[in-house]
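Please open the model in a viewer and keep the sequence panel at hand.

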Amino acid sequence: MSDKKLILVVDDDTDLVEMVSMKLESENFRVTKAYDGIEAMDRIKEEQPDLIVLDVMMPRKDGYTLCDELKNSDQYKKIVIVLLTAVTEAIKSTNYTHMGGKTTLADDFVPKPIDLDKLVEIVKDNL
């Protein structure tokens with residue numbers, strides 16, 4: 001078993017998933033991928049990641065719902081969750097309110113469009 005940290009990248013934009021995955025792999029992380037919240041939960045059950053980069057708006061199950069399920073689960077609540085969101089300015093609280101009025105228990109967030117260097121910094125800071 002590798003001592004590299006495992007990161008799950010979840011977004012319905014396949015190009016974004018590939019771009020983020022390549023950047024994280026270049027930083028010596030192991031990466032697994034999912035393209036919606038239901039597929040993400042399957043990956044989490046297979047091999048619990050250390051951190052999840054999770055898009056908010058996805059089909060079948062959105063990032064808010066998956067984040068809440070994980071953070072309210074004894075089995076998965078310690079997984080670090082970094083949300084990908086279209087929030088326009090950085091919000092310091094991890095229990096931030098999104099423009100749509102939703103709150104989340106995510107550990108951190110990255111605004112879209114994604115600055116890959118900033119994402120790597122946030123991932124490293126949270127691991």
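Select D117 and D125 in this predicted model: both are exposed, and they sit on the face of α4 turned away from its buried side. Next, colour the buried residues of this helix (residues 116–126), namely L116, L119, V120, I122 and V123. Around the axis they cover an arc of only 160°, which puts them on the same side of α4. An α-helix has 3.6 residues a turn, so residues three or four places apart point the same way.

Display the elements against which the buried residues of α4 pack: β1, α1, β3, β4 and β5 (108–111). The helix lies across β1, β3, β4 and β5, and runs at about 175° to β5. Then move to the start of α4 and show D115, where a side-chain oxygen comes within 3.0 Å of the backbone nitrogen of D117.

Now hide the helices and select the strands. Five of them form an open sheet in the order β2-β1-β3-β4-β5, with parallel pairing. At the edges stand β2 (30–34) and β5, each with a single partner strand, so one side of each has no neighbour in the sheet. On average, neighbouring strands are turned by 20° against each other, direction ignored. Within the sheet, select β1 and β3, which pair in the parallel sense over four bridges; V53 in β3 is the bridge partner of V9.

Bring back α3, which packs on the sheet, touches β3 and β4, and has a direction at about 170° to that of β4. In this helix (residues 63–71), select the buried residues G63, Y64, L66, C67, L70 and K71. Seen down the axis, they fall within an arc of 165°, so they line one face of α3. Their packing partners are α2 (37–46), β3 (51–55) and β4 (80–85). At the N-terminal end, D62 caps α3, with a side-chain oxygen 2.9 Å from the backbone nitrogen of Y64.

Continue to D13, in the loop between β1 (6–10) and α1 (14–26). Is D13 buried or partly exposed? With a relative accessible area of 35%, D13 is partly exposed. Its side chain reaches the backbone nitrogen of D15 at 3.0 Å.

Finally, colour by pLDDT. The mean for the protein is 88, and 85% of its residues reach 70 or more. Over residues 88–101, however, the pLDDT is below 50; this stretch has 28 contacts in the model beyond near neighbours in sequence.

Definitions and conventions:
Residues numbered from 1 in each chain as written. Predicted model: local features only at pLDDT ≥ 70, side-chain atom pairs only at ≥ 80, totals over all residues. Heavy atoms only, no water. Helix = DSSP H or I, 4+ residues; strand = E, 2+ residues; numbered from the N terminus. Buried < 20%, exposed > 50% of the residue type's maximum accessible area, 1.4 Å probe, protein only. Polar contact = N/O pair within 3.5 Å; in protein donor to acceptor, adjacent residues only side chain to side chain. pLDDT = per-residue confidence, 0-100. Contact = heavy atoms within 4.5 Å. Arc of directions from axis to C-beta. Pairing = 2+ DSSP bridges. Axes fitted to C-alpha atoms, helices over the stretch in contact; angles between N-to-C directions.
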